[in-house]
Every structure is written in structure tokens, then in C-alpha cells.
Amino acid sequence: MTMTFDHTRRACYTGYVTQAIVNNLAPLLFIVFQTRYELPLEMLGRLVLLNFATQLVTDIVAVRFVDRIGYRVPLVVAHVLSAVGLVLLAVAPAVSPSPYLGLCVAIIVYAVGGGLLEVLVSPVVDALPSPQEGKAAAMSLLHSFYCWGQVAVVAGSTLLLAQIGQDAWQILPLAWAIVPLINLVVFLKVPLPATVPDEHRTSLRKLFSVPAFVAAVTLMLCAGAAELTMSQWSSLFAEDGLGVSKVWGDLAGPCLFAVLMGIGRIVYGLWGERIPLVPAMAFCGALATVCYLVACLSTSPVVSLIGCAVCGLAVSLLWPGTFSLAAGRFPLGGAAMFGVLAVFGDAGGAVGPWIAGAVADAAGTGNAVLSGLADLLPDDGGSGLRAGLLVAVAFPLVIVVITLLYGARTRRAPDAASPETSDPIGA
């Protein structure tokens, strides 16, 4: 069978499913790790930090070589490492000097694969022949597959774990490792676009000299933090903080979060050309702010869970929307530009959940200031997670401020000159 760019696009969709697996499987097992290995919240949060910090370092390294060596080799390596890391997640805690060290090793291995996927998949799709709906909509549609991967991981893992019991949790990462193993074979065969040559690519130094790009990387930092903080902690928040069972906590928290995030991205993927991107992102940031406040401040577990879930819809456009803004504004940025954006997105994804976990631990273990803050919030069983999520409200708030400022600047300067020298992010 002759492979076409349609097959390439589908392989990229599955690449984002793979990234969803490596980012979301371990947090679903936090309650298992907490009870079996007696890990405190801060150490669990450190696992999230390790995942995204490793992806961040991978992004930085990949920025330097992807445009020079092409897409195929690093894409295949990304899937190999993702599969190996998932296998290690199942076996390393039992054979390492300490279970926590085994978890760290597994996470580092698959996080390198996840980081490569973040750098590579979006520029590949952006470089493919443009679909009828347009590049911004195609980017949103691509990122929706991360959400559907997250839905599959959360729903499938939760239901399977309920059937096999927590003592057999190792089956989950072994089963999910099949996805990257299959997709790496596909990437050995599909056609891939050429990268942007060095002599034509906009240099990173030039990109960082333009305020529009600085705004874009700040948006990515806050988008990663706003999305991942709620996504990574909602399962444990539902179980410990709201007193919901694990099955219903996972399905009503991270699973519904991912469903609504996927719906938001598909909606923009289908009708995005009719919706101005910058105002839509400002609205999403405002809605995410409200969702965080509802989750933290409501005395009703049902209403708090609704806040967690609707936050998925609120953050749906932030990550792919920032990619689209930057790609439209700097069309010769190449994979290096996408890599830098991924660096800042992963930095937000690492720091945001870790900050929330550290604040939660401090609030629950006697820090005077944070314990006082937790006392003002509805009771969450002493975990302090409400205080941690309340601090994270800062991330969507920054998104609102930046998008409103640049939206106003764009309206004042609609005829900005060239993308290399002009300033407005929406130009």
C-alpha cells in the first residue's frame, strides 16, 4: 500500500495519543503509589515535575538538531522510548533499590519520548499540505487527539483497575505500551515533509527579539500550567479532598476534563476559521479562572467536580491556539520555534502541578500562612489541595491579561509591516 500524507497525519494523531499516555497514566496511579509506597503529596508532585522537566530538557536539545537531521529518526526514537518507559513503569519499582527510584527512572525514559513528540508532531502537521479547514483549525484538531488519548487512558485504566484490583496495577502500563510500539512501525513508512533549511529559518535570537514571540512563550508557560495542574491533580483531589470513590472521581474529574477539552478543540477544528483566535483565547483564560475558583471554593463536591471538568473546555484552545498564533506570525520559525514553545509549555506543565502539590503539603502539615489560607477554604479532609489549586488561579489570569493586551494592540495596529519586524501577536 502506498503511504500518503493522510497516513502521516493519522500517525501524528496517534503520536499525540502516545503523549497523552505518558503524561496521564502515572497520575491515575497516584493513590496506588501513595498507599503502597507511602509517598507524600510533594513526592507525587515531584514525579509530575520530573516528567515535564525531562520533557523540557529534551525539547531544548531537540531544538538544536531536528531541523538538521529531519523528522523520521527522532519520531521513531520517541516512540521506542515511550514504549520502553511504560514497560519500566511496570517493572522498575519492584527491581530498583527503592520503588520511588524505579518510578523516577521509568518516568525519565518515557518523558524523553514525550518531549520529542511535543517538538516533532506539531511542525510536521503544520508543514503538511493545508487541509480545507485551515492550519489553525487543523492544529486544534491535531491537539484534540491528545484529549481523546487522555480520555482513553483515564476511562480504560480506571475501569480495568477496578476489575483487576490495585495489586495488579502493573498490567496497565504494559498494555498501553502497545500503542507506541505500533505507531513507530507506521512512522518508518509514511512520507514526511522536509524541515526548514537553516538559511531560510528565522533564528531563535531574532524570534526572542520580537515582543510578540515573548508574549507567545509566556502564554505557553501559563497554558501548560493551567492545563496540567488541574488535569494532574483532579483525580487525587476528587478522592482525598471531595471524598469521591476512585472510579467516579477519575471518570467525573480527569476523564470528563479530557472529554470537554477534546470537544473544545474539535469545535475549533471544524469552525475555527469563523472565530477570531485572540478573543477566543481571552475567553478561555477567563473561563479557566472561574473553573479553578469554583473547584477550590465550592462546598459541594458535585459543584467542585463540575469546576474541574469544565476547566478542560476552558483550557482546550490555549496550547494549540498559541502554536497557531506563533506559526502564523513566524511562518519560517521551523521545528526550532515549535521546540521553544514546547519548552515553555512543558515548563508550565512541570512547575504548575509541583507548586500546587508543594502548597498542598505545606498547608496540610502546619505552615502558618498556608494553613491559615486552607482554613478559609471548605474542608478537604486535611490534604490542602484546595489551597494548592487556589494558588494556580494565577496561571489563567495571566493568560487573560496577555491576550487582552495584545488584542488591543492588534486593533490599534492592524497594518503592521512584516512578521519579522512588527509587534502585535495577532498580526
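Student: Is Glu38 buried or exposed?

Tutor: Glu38 is exposed, because its relative accessible area is 69% and exposed means over 50%. Keep in mind that this is a predicted model.

Student: Where is the place of Glu38?

Tutor: Look in the loop between α2 (30-37) and α3.

Student: What is phi of Glu38 near?

Tutor: Phi is near 55° there. That is a positive value, and Glu38 is a residue other than glycine.

Student: Now the whole chain. How many helices and strands does its secondary structure come to?

Tutor: The count is 18 helices and zero strands.

Student: How many of the 427 residues count as buried?

Tutor: The share that counts as buried is 59%.

Student: What do residues 24 or more positions apart account for?

Tutor: Take the contacts in the chain with a separation of 6 or more. Residues 24 or more positions apart make up 84% of them.

Student: Let us turn to helix pairs. What describes two packed helices?

Tutor: Two things do: the angle between their axes and the distance between the axes. Start with helix α1 (residues 5-28) and helix α5 (residues 99-127). They pack at about 150°, and their axes are 9 Å apart.

Student: Why are α1 and α5 roughly antiparallel to each other?

Tutor: Angles over 145 degrees count as roughly antiparallel, so α1 and α5 fall under that heading. The crossing of α1 past α5 is left-handed.

Student: Which residues make the contact?

Tutor: From α1, they are Thr8, Cys12, Gly15, Tyr16, Thr18, Gln19, Val22 and Ala26. From α5, they are Tyr110, Gly114, Leu117, Glu118, Val121, Ser122, Val124 and Val125. This contact of α1 with α5 has nine nonpolar residues, six polar and one charged.

Student: At what angle do α1 and helix α6 (residues 135-164) pack?

Tutor: The angle is about 40°, and the axes lie 7 Å apart. α1 and α6 are therefore oblique to each other. Here α1 passes α6 in a right-handed crossing.

Student: Which residues of α1 and α6 make the contact?

Tutor: On α1, they include Cys12, Tyr13, Tyr16, Val17 and Gln19. On α6, Leu141, Leu142, His143, Phe145 and Tyr146 are among them. The contact of α1 with α6 divides into 14 nonpolar residues, seven polar and no charged.

Student: How do helix α3 (residues 41-69) and α5 pack?

Tutor: Their angle is about 40°, with 7 Å between the axes. That makes α3 oblique to α5. The α3 and α5 crossing is right-handed. Their contact has 17 nonpolar residues, six polar and three charged.

Student: On to single residues. Where is Val340 placed?

Tutor: Val340 belongs to helix α15 (residues 334-364). Val340 counts as buried, because its relative accessibility is 8% and buried means under 20%.

Student: Which residues is Val340 in contact with, leaving aside its neighbours within four places in sequence?

Tutor: Val340 touches Val63, Leu204, Phe208, Phe213 and Val217. Look also at Ala62, which is 278 residues from Val340 along the chain. The C-alpha atoms of Val340 and Ala62 are separated by 9.4 Å.

Student: In which helix is Leu313 found?

Tutor: Leu313 sits in helix α13 (residues 301-315). Its relative accessible area is 34%, so Leu313 is partly exposed.

Student: By what distance are the C-alpha atoms of Leu313 and Met261 separated?

Tutor: The separation is 4.4 Å, although Leu313 and Met261 are 52 residues apart along the chain. Set aside the neighbours within four places in sequence, and Leu313 is in contact with Leu260, Met261 and Gly264.

Student: Last topic, cysteines. How many disulfides does the structure hold?

Tutor: The structure holds zero. Take Cys311, which is in no disulfide. The nearest cysteine sulfur is that of Cys291, 5.2 Å away. A disulfide needs the two sulfur atoms within 2.5 Å.

Student: Is Cys311 buried or exposed?

Tutor: Cys311 is buried, with a relative accessible area of 0%. Cys222 is buried too, at 6%.

Methods. Residues numbered from 1 in each chain as written. Predicted model: local features only at pLDDT ≥ 70, side-chain atom pairs only at ≥ 80, totals over all residues. Heavy atoms only, no water. Buried < 20%, exposed > 50% of the residue type's maximum accessible area, 1.4 Å probe, protein only. Axes fitted to C-alpha atoms, helices over the stretch in contact; angles between N-to-C directions. Helix = DSSP H or I, 4+ residues; strand = E, 2+ residues; numbered from the N terminus. Parallel < 35°, antiparallel > 145°, perpendicular 65-115°, else oblique. Left-handed = near helix turned anticlockwise from the far one by under 90°. Contact = heavy atoms within 4.5 Å. Nonpolar A, V, L, I, M, F, W, Y, C, P; charged D, E, K, R; others polar.
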